[in-house]
Amino acid sequence: MTMTDQSRDAKPAAIDKERLRQKYLAERNKRLRPDGNDQYLQIKGQLAHYLDDPYTPRTERAPKTDHVTFAFIGGGFAGLATAARLTEIGVKDVRIVEKGGDFGGTWYWNRYPGAQCDTASMVYMPLLEETGHMPSEKYAHAPEILAHCQRIGKHFGLYDNALFHTEVVSLDWDEGQSRWRIRTNRGDAFTAQYVGIGTGPLHVPKLPGIAGIENFAGHSFHTSRWDYDYTGGSPQGAPMDRLADKRVGIIGTGATSVQCVPHLARACKELYVFQRTPSSVDVRGNAPIDPNWFAGIATPGWQQRWLENFTANQAGGSAEEDLVQDGWTDLSKRIRAKIMVLPHEQRTVENMRAAFEDSDFEKMEEIRNRIDTIVRDRETARNLKAWYGQLCKRPCFHDSYLQAFNTPGTHLVDTDGKGVERIAEKGIVVAGREYELDCIIYASGFEVGTEYRRRAGFDLTGRDGVKLSDYWGEGMRTKHGIHVHGFPNVFFVQPTQGANLISNVPHNLTEAARTIALMVGHARDNGFTQIEVSKEAESRWVELLLTGVGRMIGGPDCTPGYYNNEGREPGPAAKLNVGHPAGALAYFKYIEGWRSSGQFEGVQFR
Ligand code: NDP
């Protein structure tokens with residue numbers, strides 16, 4: 001009996017852990033490639049049109065040569081949350097510089113059909129309480145999240161000063177003036193006393209480096225630049241009525257593909273889903289939010305309570321109640337339950353790792369068994385099964401992705417871990433067979449492991465001409481993930497070296513926003529012009545980070561992907577891509593204490 005046959009049984013047999021370990025390893029080894037991240041194409045030159053903004057026309061404007069108190073690079077959640085907190089303390093001239101045509105960041109670009117948040121809206125969408133918005137669904141769809149970004153922009157008056165369709169090209173510290181000199185690709189040359197950086201981890205689309213990609217004669221686009229002119233329909237969910245006579249291929253089966261495939265399956269004459277590695281797809285359980293229920297719980301401070309509860313359930317806490325109740329909190333609760341039954345002296349790191357593995361095996365067996373209950377074609381069902389730990393790749397949650405493969409005209413083309421062989425003039429070739437297509441959609445993700453400067457598009461030149469790329473040559477060094485010694489008045493707004501709460505990235509950002517606004521207010525009220533972490537405090541923080549157990553997601557034994565540097569030895573710098581050693585909950589408690597002490601330990605005001 002094969003493992004697949006066993007998993008179809010109504011009552012699955014006890015998990016054979018050794019067999020699963022072997023299976024996981026074999027599947028991983030099949031996918032390891034010597035070229036790692038270099039397998040992907042940087043979008044430039046002849047391919048540059050894949051980056052064009054299909055959503056907003058670019059408007060001409062005069063270059064800016066003025067001065068602002070605070071410039072923020074990036075108009076997504078990081079910039080919006082930081083700017084909001086700054087305006088609350090009276091800093092009115094915050095200038096957000098954004099490469100898209102509006103606020104929204106990832107939600108500006110990702111308008112593919114079916115896009116929605118994967119973390120519950122109540123904790124995912126920032127500043128709900130401040131803006132008085134009730135999310136319409138447990139997992140809001142992209143148009144609502146984009147509209148919320150615009151709502152934050154309007155509510156806090158951020159539009160007047162914003163520069164859209166603008167990319168920063170250089171940031172230079174002027175010690176004499178205690179300010180940053182900022183240049184952009186639109187000819188701007190302005191100054192700012194403070195700079196915030198929130199360019200996001202996944203904002204540069206990449207293409208798979210498949211032989212012949214430039215030869216395809218049909219239409220093609222990347223999911224983050226959805227071409228509704230070609231497909232018909234709209235991000236709001238209007239059916240893509242121009243695909244009824246089209247043969248469409250989609251390359252990639254990550255979180256993006258999982259969300260848009262059901263919509264493509266409904267719309268296309270023929271849909272071919274080209275798969276290299278299946279995603280784990282757990283239950284979604286989306287539902288509208290009942291305004292009466294919301295009115296009952298939305299008492300002052302509600303969103304902070306929800307955030308803390310989600311983190312406590314998810315990242316090292318022991319909350320009695322689980323307000324969110326979803327796939328993120330489920331795995332953590334299972335692990336905790338296994339640890340709590342152990343006598344105190346047996347709660348060792350080794351036993352914790354074993355509890356983690358046991359819970360993960362159980363969870364993944366459930367996820368694999370679910371496929372057999374939904375997908376009718378046996379071979380397709382078998383090929384959709386993910387053979388790796390749930391946190392090896394981004395976990396997915398969906399209630400119509402698997403079902404889409406029962407739609408007539410929708411075909412899974414599994415490449416047995418090898419990927420698409422070649423792209424020809426008329427279509428895609430896998431294992432020697434050519435699939436003729438009118439359109440190829442690249443759901444091939446975003447650059448992650450590439451150099452920071454390449455992704456950001458600029459470097460920072462700090463005190464004494466030191467470049468950030470050199471200072472971080474052997475890895476990121478910060479305090480709290482926010483401050484870097486030698487780069488006064490710059491604040492990074494992102495999760496790494498802070499809470500590093502991956503299941504709810506915006507929570508990291510809103511906490512950083514609070515911290516930054518408090519420091520800027522303190523400097524202003526006390527006549528200081530510079531804020532900078534001391535070298536010693538930065539080193540102490542980095543040493544503290546290195547005392548942790550390391551990353552729990554995407555370990556070296558995992559199937560390749562952007563969580564583990566495509567399975568290649570990530571080098572010593574990767575050790576620094578971690579969060580607080582005691583977990584996200586501990587970090588949030590710590591930073592709250594750090595802020596409220598009023599001492600700003602390790603940070604110097606001059
Ligand atoms: P991913 O990087 O997760 O997926 C890229 C896909 O392309 C993978 O399935 C990959 O296969 C496949 N691929 C690459 N090269 C080839 C090839 N040569 N042949 C066939 N397939 C290939 O990108 P996504 O855009 O799906 O997601 C990126 C991230 O964005 C997510 O992990 C998540 O963090 C975020 N996201 C969040 C969402 C949300 O919160 N709602 C929704 C969507 C995305 P392989 O796995 O083998 O490498």
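Start with the ligand: 26 residues sit around it, and Gln 116, Thr 256, Arg 276, Thr 277 and Tyr 562 come nearest. Keep in mind that this is a predicted model. Two of the domains each give at least three residues to the shell around the ligand: domain 1 (67–204 + 449–549 + 579–605) and domain 2 (207–284 + 356–442).

**Around the ligand**

- Sorted by class, the shell around the ligand holds 12 nonpolar residues, 10 polar ones and four charged ones.
- Helix 9 (residues 255–267) is the element that gives the most to this shell, and its share is three residues.
- Arg 276, one of the residues that come nearest to the ligand, has a polar side-chain atom 2.8 Å from a ligand oxygen atom.
- Arg 394 also points a polar side-chain atom at the ligand, with 2.9 Å between that atom and a ligand oxygen.
- Gly 254 takes part through its backbone instead: one of its backbone N or O atoms is 3.4 Å from an oxygen atom of the ligand.
- On its own the ligand would expose 920 Å², and the protein buries 89% of that.

**Helix 18 and what follows**

- Helix 18 covers residues 505–525, which makes 21 residues in all.
- From first C-alpha to last, helix 18 reaches 31 Å, close to the 30 Å expected at 1.5 Å a residue.
- Most of helix 18 is covered, with 15 of its 21 residues buried.
- Just after helix 18 comes Gly 527, whose phi is positive at about 75 degrees.

**Positive phi in residues other than glycine**

- Asn 565 has a phi near 55 degrees, a positive value even though the residue is not a glycine.
- You'll find Asn 565 in the loop between helix 19 (535–545) and helix 20 (584–597).
- With a relative accessible area of 24%, Asn 565 is partly exposed.
- Phe 600 is another residue other than glycine with a positive phi, this time near 50 degrees.
- Phe 600 belongs to the loop that runs between helix 20 and strand 21 (603–605).
- Is Phe 600 buried or exposed? Its relative accessible area is 5%, so Phe 600 is buried.

- Thr 87 is part of helix 3 (residues 77–88).
- Thr 87 counts as buried because its relative accessibility is 8%, which falls under the 20% cut-off.
- A polar atom in the side chain of Thr 87 lies 2.8 Å from the backbone oxygen of Ala 84.
- Lys 479 sits in the loop between helix 17 (468–471) and strand 19 (490–492).
- Although lysine 479 carries a charged side chain by class, Lys 479 counts as buried, at 3% relative accessibility.
- What does the side chain of Lys 479 make a polar contact with? Its partner is the side chain of Glu 601, at 3.1 Å.

**Along the chain versus through space**

- Thr 559 lies in the loop between helix 19 and helix 20, and is buried at a relative accessible area of 4%.
- Thr 559 and Ala 26 are 533 residues apart along the chain, yet their C-alpha atoms are separated by 9.5 Å.
- Asp 416 is in the loop between strand 13 (410–414) and strand 14 (422–423).
- Asp 416 counts as partly exposed, with a relative accessibility of 34%.
- How many residues apart in sequence are Asp 416 and Lys 426? They are 10 residues apart, and 23 Å apart in space from C-alpha to C-alpha.
- Ala 217 is found in the loop between strand 7 (206–208) and strand 8 (219–222).
- Ala 217 counts as exposed because its relative accessibility is 59%, which is over the 50% cut-off.

How values were computed. Residues numbered from 1 in each chain as written. Predicted model: local features only at pLDDT ≥ 70, side-chain atom pairs only at ≥ 80, totals over all residues. Heavy atoms only, no water. Helix = DSSP H or I, 4+ residues; strand = E, 2+ residues; numbered from the N terminus. Expected span 1.5 Å × (residues − 1). Buried < 20%, exposed > 50% of the residue type's maximum accessible area, 1.4 Å probe, protein only. Near = heavy atom within 4 Å. Polar contact = N/O pair within 3.5 Å; in protein donor to acceptor, adjacent residues only side chain to side chain. Areas by Shrake-Rupley, 256 points an atom, 1.4 Å probe, with all protein chains shown as cover. Domains from an automatic or database assignment.
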